[in-house]
Amino acid sequence: MRDPRAGEITFREWHDRWWDARIVEPRTLRGDASTIKNHVMPHWADWEMRAVTRMDVQSWIRSLVEKGVGAAAIKRAYNLTSSIMRAAVDDDVIALSPCRRIDLPQIAVKPPQWFTTDQAQSILDELPAPWKTMCLLGVYTGLRWGELSGLHRHRIDQRRSRLFVVEVNTKRGIKEYPKSSRSRREVPLPDHVLEALERHIYRLDRDTVVFTTVTKGRSGRLLDDGNWRRQTWWPAIEEARYFDDDGEQQLVPHYPPHSMRHTCASWLVQKGVSLYEVQHLLGHESFQTTQRYAHLQPDAHKAVLGAWERMETPLTIAA
């Protein structure tokens, strides 16, 4: 039976117990700690757990909106608070979570940033070897940067023109995806990509990471995302030029490396590959993530245009 006095514990005290028991990735912990420090604790720290009502939570959300906190940051703060409250219910600290039926601000979904073939080619032309091969692979497989920089030689099946995404390069080194994760997947390789990859790996030992540092005296180390962007990606982007449809030379959009992944998905969808196939290729956990590319489908507006064309008496304007 629940002790009614258990709810007298303050939010901060319960948070500390909850935090110490969590099992999450270090990177997630850092982000969560920042969110809790900036958006959660300033409001809830001294509240007794039993005193928090659903309306109190809704009012807190409203206050964050009025302060100009972004919708994504509010959602993260709310989700963490909700997790804390659910844990309190599970441990009989409170009888019911106040985090239920809460209205959150809508997060604006940004269209994915992707390169045209001319833009992508101009970037490849500016990249020094071996980064040409790495980025060619990125564009044609949609691997995340950590998956590209964590790819091992023995994960490439040259006979079947496949690679297997198992490991990922993180701030704390190489880790394997859980076997239950959609991120662990098999990815097909086009012939010209496989040929470029074979030229790169033929001297590598079986268990070696495929793409590592090349600086003299420091070669063979795992790549660092920040350093690679600063030393390799952004210089190539700044030098890359392409010709638009009017024959005018233009700068390539200043998109980050993750846009190679968006480019892969965008090209495939435009060529008629189903969103379902793209979801599995990219290892998206949620189909909603893949649906961002739906507007690029060749027949995205076919039904709408067909309906207008079937109108017997369309509206007209006299010339």
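Biologist: In which sense do β1 and strand β2 pair, and over how many bridges?

Modeller: Start with the general idea. Strands of a sheet pair through backbone hydrogen bonds, either parallel or antiparallel. Now the case here, in a predicted model. β1 and β2 (residues 162–165) pair in the antiparallel sense, over 2 bridges.

Biologist: What is the strand order of the open sheet?

Modeller: The order is β1-β2-β5, and the pairing is antiparallel. The sheet has 3 strands. β1 (156–157) and β5 (185–188) stand at the edges. Each has a single partner strand, so one side of each is left without a neighbour in the sheet.

Biologist: What joins β3 to β4?

Modeller: A hairpin, through 2 residues. Strand β3 (residues 167–170) pairs with strand β4 (residues 173–176) in the antiparallel sense, over 4 bridges.

Biologist: Next, charges. How many salt bridges does the structure hold?

Modeller: The idea comes first. Side chains of opposite charge can pair when their charged atoms come close. This structure holds 15 salt bridges. One of them joins glutamate 8 to arginine 50, with the closest N and O atoms 3.6 Å apart.

Biologist: Which parts does the pair of glutamate 8 and arginine 50 tie together?

Modeller: Glutamate 8 lies in the segment before α1 (11–21). Arginine 50 lies in the loop between α2 (26–44) and α3 (54–66). The pair therefore ties together parts that are 42 residues apart in sequence. Glutamate 8 is partly exposed, at a relative accessible area of 37%. Arginine 50 is also partly exposed, at 48%.

Biologist: Is aspartate 157 buried or exposed?

Modeller: Buried, with a relative accessible area of 18%. The cut-off for buried is under 20%. Aspartate 157 forms a salt bridge with arginine 160, and the closest N and O atoms are 3.7 Å apart. Arginine 160 is partly exposed, at 34% relative accessibility.

Biologist: Which residue forms a salt bridge with arginine 184?

Modeller: Glutamate 176, with the closest N and O atoms 3.1 Å apart. Arginine 184 is partly exposed at 25%, and glutamate 176 is partly exposed at 47%. There is also a network to trace. Salt bridges that share partners join Asp157, Arg160, Arg162 and Glu186 into one network.

Biologist: Now helix packing. At roughly what angle do the axes of α1 and α2 cross?

Modeller: Read the angle between the axes, then name the class. Here the axes come within 12 Å and cross at roughly 165°. Angles over 145 degrees count as roughly antiparallel. That makes α1 roughly antiparallel to α2. The crossing is right-handed.

Biologist: Which residues make the contact between α1 and α2?

Modeller: From α1, they are Phe11, Arg12, His15, Trp18 and Trp19. From α2, they are Leu29, Asp32, Ala33, Ile36, Val40, Met41 and Trp44.

Biologist: How are α6 and α9 oriented to each other?

Modeller: They are roughly perpendicular. The axes of helix α6 (residues 131–141) and helix α9 (residues 225–239) cross at roughly 100° and come within 12 Å. Trp131, Met134 and Cys135 of α6 meet Trp228, Thr232 and Trp233 of α9.

Biologist: Which residues does threonine 263 touch, leaving out those up to four places away in sequence?

Modeller: Trp114, Phe115 and Val139. Threonine 263 lies in helix α10 (residues 259–270). Threonine 263 is buried, with a relative accessible area of 0%.

Biologist: On to the backbone. Which residues does the cis peptide bond join?

Modeller: Read omega. The bond between alanine 129 and proline 130 is cis, with omega about 5°. Proline 130 sits in the loop between α5 (117–126) and α6.

Biologist: What is phi of aspartate 92?

Modeller: Near 60°, a positive value in a residue other than glycine. Aspartate 92 lies in the loop between α4 (71–90) and α5. Aspartate 92 is partly exposed, at 41% relative accessibility. Arginine 101 has a positive phi of about 50°, although it is not a glycine. Arginine 101 lies in the loop between α4 and α5. At 67% relative accessibility, arginine 101 is exposed.

Conventions:
Residues are numbered from 1 along each chain as its sequence is written. This is a predicted model: local features need pLDDT of at least 70, side-chain atom pairs count only at pLDDT 80 or more; totals for chains, interfaces and linings use all residues. Side-chain values use heavy atoms; hydrogens and water are left out. Two strands pair if DSSP finds at least two bridges between them. A salt bridge is a side-chain nitrogen of Lys or Arg within 4 Å of a carboxyl oxygen of Asp or Glu. Buried means under 20% relative accessible area, exposed over 50%, partly exposed in between (1.4 Å probe, protein chains only). Axes are lines fitted to C-alpha atoms, for helices over the stretch in contact, and angles run from 0 to 180 degrees between N-to-C directions. Angles under 35 degrees count as roughly parallel, over 145 as roughly antiparallel, 65 to 115 as roughly perpendicular and the rest as oblique. A crossing is left-handed if the near helix is turned anticlockwise from the far one by less than a right angle, and right-handed if clockwise. Contact means heavy atoms within 4.5 Å.
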